[in-house]
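Here is a short briefing on one protein chain. Look over the sequence and the model, then read the points by topic.

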Amino acid sequence: MQLKTILNRVEYFKSFVYGKVRWVDDAARPAIEVEIRPRKNSRPICSGCGQERPGYDRLPARRFEFVPLWGIAVCFVYAMRRVECPECGVKVEMVPWCDGKNQLTTTYRWFLAGWAKRLCWKGVACAFHTTWQNVFRSVKHAVSWGLDHRSLEGIQAIGIDEIQWQRGHKYLTLVYQIDEGCRRLLWAGKDRTTKTLLRFFRMFGKERSARLRFVCSDMWKPYLKVIGRKAGQAIHVLDRFHIMAKMNKAIDEVRAAEAKRLERDDYEPVLKHSRWCLLKREENLTEKQVVKLSELLQYNLQSVRSRLMREDFQQFWEYSYPACAAKFLDQWCTRTMRSKIEPMKKVAKTLRRHRELILNWFRAEGAISAGIVEGLNNKAKLTMRKAYGFRTAKAIEVALYHQLGDLPEPEFTHEFW
Ligand SMILES: [Zn+2]
């Protein structure tokens with residue numbers, strides 16, 4: 001079997017034929033060169049308008065990199081024709097294996113992009129002896145094709161979240177579709193301002209926004225404002241993940257403040273010897289240790305109590321009736337406000353302020369499951385970690401769309417990846 005025969009199976013062109021196949025010795029990496037010729041009587045197609053046009057001249061032969069075979073580079077070699085187009089003037093012809101001035105064939109780009117879903121970009125570049133830039137461009141190409149060809153119909157529920165992509169308050173706003181059976185990243189945009197989210201709604205369109213039934217978000221004010229304005233008819237849910245995250249942050253604050261206080265007041269020795277104070281039975285403690293223990297308990301109390309409050313709150317999510325949940329929420333807030341633990345009081349105040357949106361959780365009647373946004377958020381973080389080395393928000397956006405966008409791909413005669 002000849003290589004040409006295989007190529008005709010996996011990558012057949014109507015108006016072009018494969019010619020000579022040549023082995024090229026290269027110290028760095030051997031290559032197989034495959035000549036391409038226009039089929040007899042076929043006329044070139046103008047790249048400006050896509051019409052068949054009379055030929056004008058031919059450019060010197062060029063190499064187009066194709067999917068490597070057994071670790072050997074494969075290149076198509078073809079001398080592009082130029083056409084004389086009455087509409088576009090003298091233009092380079094359009095060829096089916098490549099677009100524009102690209103050095104990589106379209107199939108090879110999809111091949112690299114396909115692997116970039118499984119490996120980190122650097123890994124793909126290494127595995128196929130190509131550059132990081134080539135992998136990046138291939139993914140970008142796959143993403144822009146996918147975005148152009150995806151459907152945005154029938155979306156009923158979206159989740160809005162932000163993700164920090166660099167130290168110093170550099171955020172991206174992410175909008176997910178969170179419908180049962182279709183969960184994907186719909187949009188990513190720089191920053192987390194009112195303007196950022198407005199850009200999403202502009203892309204999404206008025207009609208689609210009006211058909212949204214559920215919007216899920218955190219308590220970030222600019223988001224709340226825009227959601228109210230652009231999707232006022234939807235049930236706006238503040239989701240569980242973000243509320244519990246707020247609480248955890250508060251507990252962290254309490255603990256950090258406590259630790260600081262201990263350090264400031266030179267309580268380190270107390271902490272150091274606290275182990276025995278706590279382990280020993282009370283009757284075995286010396287008088288001095290009893291004093292230390294009571295001091296320590298006083299300091300620990302806030303962290304411990306905050307934790308207990310959080311555990312208590314978990315019950316909230318178990319309710320089936322909004323009215324019962326509301327009653328629980330109010331009681332929890334009242335209890336917490338009496339606690340004298342400032343960070344937790346702050347949480348209670350926030351919950352009170354967003355009471356209705358929080359209770360929407362129950363009004364959505366299970367349409368929004370607890371882990372959705374959290375799950376997608378974790379995937380996004382993983383993608384960013386895998387995309388180590390990115391410097392620009394744009395590159396991260398591309399990586400996120402590629403990994404989480406569930407974007408369509410064109411149909412190929414042969415699946416190379
Ligand atoms: Zn033309």
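Five strands make up an open sheet, ordered β8-β7-β6-β9-β10, with mixed pairing. Strands here are DSSP runs (E, at least two residues), helices are H or I runs of at least four, and both are numbered from the N terminus. Two strands pair if DSSP finds at least two bridges between them. The model is predicted: local features need pLDDT of at least 70, side-chain atom pairs count only at pLDDT 80 or more, and totals for chains, interfaces and linings use all residues. Residues are numbered from 1 along each chain as its sequence is written, and side-chain values use heavy atoms, with hydrogens and water left out.

- Axes are lines fitted to C-alpha atoms, for helices over the stretch in contact, and angles run from 0 to 180 degrees between N-to-C directions.
- β7 (residues 170-179) runs antiparallel to β8, and eight bridges join them.
- Q177 has R184 in β8 as its bridge partner.
- Helix α15 (residues 372-386) lies across β6 (157-166), β7, β8 and β9 (214-217), at about 30° to β6. Contact means heavy atoms within 4.5 Å.

**The zinc site**
- C46, C49, C85 and C88 each give an SG donor to the zinc ion, at 2.2 to 2.3 Å.
- Donors are N, O and S atoms within 2.8 Å of the metal (3.2 Å for Na, K and Ca); water is not among the atoms, so sites may look incomplete.
- The donor residues follow the spacing C-x2-C-x35-C-x2-C.
- Angles among the four donor atoms are 105 to 116°, and the site is tetrahedral. Four donors count as tetrahedral if all angles lie between 85 and 135 degrees.
- C85 is buried at 4% relative accessibility, whereas C88 is partly exposed at 28%.
- Buried means under 20% relative accessible area, exposed over 50%, and partly exposed in between (1.4 Å probe, protein chains only).

**Helix α16**
- Ten of the twelve residues of α16 are buried, so the rest of the structure largely encloses this helix.
- Its buried residues include E397, Y401 and H402.
- D406 follows α16 and has a positive phi, near 50°.

**The D25 loop**
- D25 sits in the loop between β1 (16-24) and β2 (31-38).
- D25 counts as exposed, at 66% relative accessibility.
- The C-alpha atoms of D25 and T193 are separated by 56 Å.

Definitions and conventions: Tetrahedral: all angles 85-135°; square planar, octahedral: opposite > 155°, others 65-115°.
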